[in-house]
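Have the model open while you read.

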Amino acid sequence: MLKYILKRLGVAIPTMLILIVFSFVLMRLAPGGPFSSERPLPPQVLANVNAKFGLDQPWHIQLWEYMVGILTRFDFGPSFAYTDRSVNDIIAQGFPVTFTYGTWSFILAVLVGCTLGIAAAVRHNSWLDYFAVGTSIGAQVLPNFVMAPILVIVFTLWLGWLPGGGWRGGQWPYVIMPVIALGTSYMASIARITRSSMLEVLGSNFIRTARAKGMPPIRIIVRHALKPALMPLLSYLGPAFVGMVTGSVVIDVYFSTGGIGQLFTNSAFNRDYSVIMGITILLGALTITFNLLVDILYAWIDPRIRY
Amino acid sequence: MTRTTKLLAALAATTCLVAPAMAANVPDGATLADDQSFTYRILDEFTSPDPQIVEDVSGSEIVRDLFEGLINQDADGNPVPGVATEWSSNEDFTEWTFTLRDNAVWSDGEPVTAHDFVYAWKRLVDPATASPYAWFGELMSLDNASAIIAGEAEVDDLGVEAVDDHTLVARLSAPLPHFYMMMSHASTFPAPQWVIEEHGDQWTRPGNIVTNGAYILTEHVPQERSVREKSETYWDAENTVIETVTALVINDENQALTRFMAGELDRTEVPIGQFPRLEEEYPDTAISIPTLCTYYYNFNLRDNGPEATHDERVRQALSYAIDRDVIVNQVLQAGQTPAYVFAPVGMANMDTPNVEYENWTQAERDARAVELLAEAGYGPDGESLQLGILYNTSDAHRQLATVVGQMWEQKLGVQTTLENMEWNTFLDSRENGDFDVSRGGWCADYNDPSTFLDLFQTTSGYNDAKYSNTDVDAMLNEAKGLEDAADINRQIEEIVAVEMPIIPVYHYANAYMLNPQIQDWPVNNLEANWYSKDLYKIAE
C-alpha cells in the first residue's frame, strides 16, 4: 500500500509540473496583458510597469524564476491587478471562505442526499421514493444561479431573516444561503447515485440470503447493504468535494463572499497571471490529493481491492 | 502696459482668492439620523488605496476620502481649497505656487507639508514605483516628467519644489492655464514618506496606513468590503458628519438592487433597462446624473481598414443614419443624452459647437445619408457594403451594436456582423486595428475638453481610429497654452464632425438608487467626484 502511495505521489510531481507549464504558456498566448485597459498605457509607462513585475524578461526566464520562487520560498509572486498584495495573501484570504462554505455544503449534500437515496431505495415505488426522486430532480434542474437570487429575495427582502451577502469572517447568518445554494444540486446527484446503487445491492443474492435468514431489515441495510452501495458514490464524492471547496463563481458573485471562485475567473479576465497560476496550482494539488484519498478509501472499504 | 502692471493683471487673473472650504453643510432645523453611516456598492475590488497607484473609479472615490489633495471640488465641480488655501501662477502659466494651510495633519499627528506633495509627485513618475498613472505627471507638464519616466533623468529633477513647509512650487515644461484643476485628481495627493519607507508595499493595510483626508481606512477585506471611519485629526473634522463609510463589493447589479431594497445599502447602480420603472416607483430614490463620458464608435482609418470607410462621405452617412434619440429614449432609458460631438456639452472651457447635422431632423439626416452613400458608390444602386462592429462582451454593448446595425441595414442597406470579444482580446484587436468599426468609451480626467479632444492628436495612444489631420494637431497644441481655448476647441469639434473619424453616440449618465436620507449628493458635479465628508444623513 505504501509503495502504491509513493508511486502515485511520484506521478503527481510531473503532473503538477506539466500543469504549471501548460497554464503558463496558455495564459501568455491569450491576447492582451495584465495592464491592458480602455486607456492604454503610454509605451514608456508600460515598460516601467512590465520591468517592475519582470514581464520584460523572456518567457522561459519568467517561468524559471516563478518556479524557483515557489520551490525555495513558497512565494507565488505579486498580484498584477492588486499590486500591494501577493498571491499568497490573496489565496490565504479567499480560500478559507470557499473552503468553509464548500465543506458545509458537502456535509449537507452527503447527509441529506444519502438519507434521501437510501430511503427511496428501501421504500422503492412508495410515496417516499417518489418524493425523493421528485425532490432530487427538482434540485438538479434548479441551477444555483436561479436558486441564489430566489433565496436572497425570500430570506433577505421578504422575510428579513438573513443578510443578502457578504461574509464577515464566516458568521453563520452569512454562511447559510451560500451553503444551501451550492449544496442543493450536489445533494440531488448524491441522492440519485445512492438510490440506484442501493437498489442494485438490495437486489443481489447476499442480501436475499440475509433476508431469508430472518435478519432485521435495519441490520441488513446498515451492516450489509450500505458499504457496497456507497462504493460508486465514493468515486463521485472525491471530485465533488474538490469542486465544492475550491468555490463556485456563481456563489461568490451572488453572495459577495470574497471567495476564490470569483477571483479565479476575474483574474483570468484581468490577465492577472500570477493569481491564475496560484489558483490553478491550488486546484491541481487538491484534485490530485483527493483522488488519491478516494483510491485509498476504496481499498479500505472494499477488501477485494488491493494495490 | 508696463511689465509691472501686466504682471499685476496676470496675478489678479490667476490668484484664487480663498473661498470657504467645503464640508457637510447641514441646514438649521435638519434632524440628523443617529446612524451616520453610508454604505454603497462597488462593482469590483478597487485597485489600491495608494494615491499614486490607484487607477479605477471606485478606488479614486475611496482615495478622495482617505487623502486630501491641494484642491477639492465643490458640489458643482468648482475648485475649492483642500490642503492649499490659495494658488497662483506666473504670467505665462508655467510656474504655479500653492500656499498650504498650517492646520492640516496626518492621522498620526504629523503636519502635512509641501514636502509630502513633492515626495508624492516624484513617487508618481519614478520608474521604481511603476505607477500605471505615471502619465498623469506628463499630462501635468511637470518639468522633466517624461524624461524621468523614460529613465533619462533623475527623479530629483522633477519640476516641483517645497520652498518651505507651506509653499509648493510646480514648474511646467509648457504653459498650462488649467493646471490647478488637475489638483483634485487622486494621483496628485500627498503621500507619507516615513510610513511608506517603514512598511513598503504593505503601507496601505489598515493599521499601517496613515492618511491626511477626512477618513482613515480601518478594515479592508479584499473582494468583500472596505470600511473607512472619520479621522479626528482631519483639519475640518468638526464639520464632517458621516462617521463610517463602507464599500461593499457586489458583482451582480441585480443582487445589489435587491440588497438596496432590503435596506443593506444606501447607494447602488440601476441595472440596465430598469430606470424608467424604478423612477416611477421610487421617484425620490432613483436618480440619473449626467457625467463627462462619451460612448462612440471608431472607424478604422488605417491602411488595413475597409476601403469604404476611408471615404468621408461613407463615414458621414453611417453617422447620420444612427437615430440617437431612439438609442437614448428607447434603448438606454436612463437619462443619457444624444451625442453629436465628442466632448460632452456643459464642460468648462467649451463653447457649444454648431455642428450642422445636429440641427437637422432625423428624416433629413437619413435622406442625406442615403445621398452620401450613393455618391460614394455604395448602397442599393452601387457596391454592397459590409461592416463588422467590434465590442467587448456585455449585454449593453451587444444591444447597442444590434440597434445600430439594424439602422444601417434598414436605412442604407449596409450589412453588419456583430463581433463580440472578451475584454482583453477586444482591447488587443482594437489597438492593433483589427476591426472595421469598434466601440469606444471615454471619460474625462478633469473638466476640460482637452481630455477628450487630445484623442484626435495623430500621435495619441488612445486614437484608436488612427485619425490624422495636421490642422487639428496644430490647433490642439495651440489650445494647450491658452487660458481661454473655448473657441479653438469648438473649431476642432466642428472639423471632426465633418471628417467623422468617430461616431459620437451618446453622453453617459449615472443612474443610481440613493437612499433619500443621504443629503447633498453632488448631482451637479459632472465629473461625478463626491466626498463623503460633504454628505450627511437626515432622520427618516
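How far apart are the end C-alpha atoms of residues 95-294 of chain A, and what share of the span is helix and strand? The ends lie 22 Å apart, and the span is 83% helix and 0% strand.

1. Ground rules. Keep in mind that this is a predicted model, in which local features need pLDDT of at least 70, side-chain atom pairs count only at pLDDT 80 or more, and totals for chains, interfaces and linings use all residues. Residues are numbered from 1 along each chain as its sequence is written, while chains are lettered from A and ligands numbered from 1 in the order in which they are written.

2. Chain A overall. Chain A has 12 helices and 0 strands (helices are DSSP runs of H or I with at least four residues, strands are runs of E with at least two, and both are numbered from the N terminus). Its C-alpha trace spans about 85 × 60 × 30 Å along the principal axes. Of its 307 residues, 37% count as buried (a residue is buried if 20 or more other C-beta atoms lie within 10 Å of its own, exposed if 12 or fewer, and partly exposed in between, with C-beta atoms placed from the backbone). Among contacts in chain A with a separation of 6 or more, 72% come from residues 24 or more positions apart (contact: C-beta atoms, placed from the backbone, within 7 Å).

3. What the record says about chain A. The stretch in my opening question, residues 95-294 of chain A, carries the UniProt feature "domain: ABC transmembrane type-1", from an unreviewed entry. UniProt also lists "transmembrane region" for several stretches of chain A, including residues 233-255 and 275-301, again in an unreviewed entry. UniProt positions are in the numbering used here, feature names are shortened, and annotations may be inferred rather than shown by experiment. In the model, residues 233-255 of chain A are 87% helix and 0% strand, with end C-alpha atoms 29 Å apart. Residues 275-301 of chain A come out at 100% helix and 0% strand, and there the end C-alpha atoms are 38 Å apart.

4. Where the chains meet. The contact takes 43 residues from chain A and 42 residues from chain B. On the chain A side, the elements giving two or more residues are helices H2 (43-52), H4 (87-122), H6 (144-158), H10 (249-255) and H11 (260-270). H2(A) gives the most, with 6 residues. By class, this side of chain A has 22 nonpolar, 15 polar and 6 charged residues (Ala, Val, Leu, Ile, Met, Phe, Trp, Tyr, Cys and Pro count as nonpolar, Asp, Glu, Lys and Arg as charged, and the others, Gly among them, as polar).

5. Two domains in chain B. The assignment gives domain 1 (3-17 + 31-246 + 515-537) and domain 2 (290-509) of chain B; such bounds come from an automatic or database domain assignment. Their C-alpha centres lie 34 Å apart. Domain 1 of chain B puts 12 residues into the contact and domain 2 of chain B puts in 13. The domain 1 side divides into 8 nonpolar, 3 polar and 1 charged residues.

6. The open sheet. Four strands of chain B form an open sheet in the order S4-S5-S7-S6, with antiparallel pairing (two strands pair if DSSP finds at least two bridges between them). The edges are S4 (84-89) and S6 (160-164) of chain B, each pairing on one side only. The twist averages 20° from one strand to the next. Helix H3 (residues 114-125) of chain B packs on this sheet, touching S5 (95-100), S6 and S7 of chain B, and its direction makes about 170° with that of S6(B). Axes here are lines fitted to C-alpha atoms, for helices over the stretch in contact, and angles run from 0 to 180 degrees between N-to-C directions.

7. S4(B) and S5(B) run antiparallel and are joined by 5 bridges, with Ala84(B) opposite Leu100(B). Their hairpin has 5 residues between the strands, and Phe93(B) there takes a positive phi near 60°. S6(B) pairs with S7 (residues 167-171) of chain B over 4 bridges, also antiparallel; Val160(B) faces Ala170(B).

8. Strand S10 of chain B. Strands S1 (residues 37-42) and S10 (residues 244-249) of chain B run parallel and are joined by 6 bridges, with Thr39(B) opposite Thr246(B). S9 (residues 225-230) of chain B pairs with S10(B) in the antiparallel sense over 5 bridges, and Arg228(B) stands opposite Val245(B).

How values were computed:
Contact = placed C-beta atoms within 7 Å.
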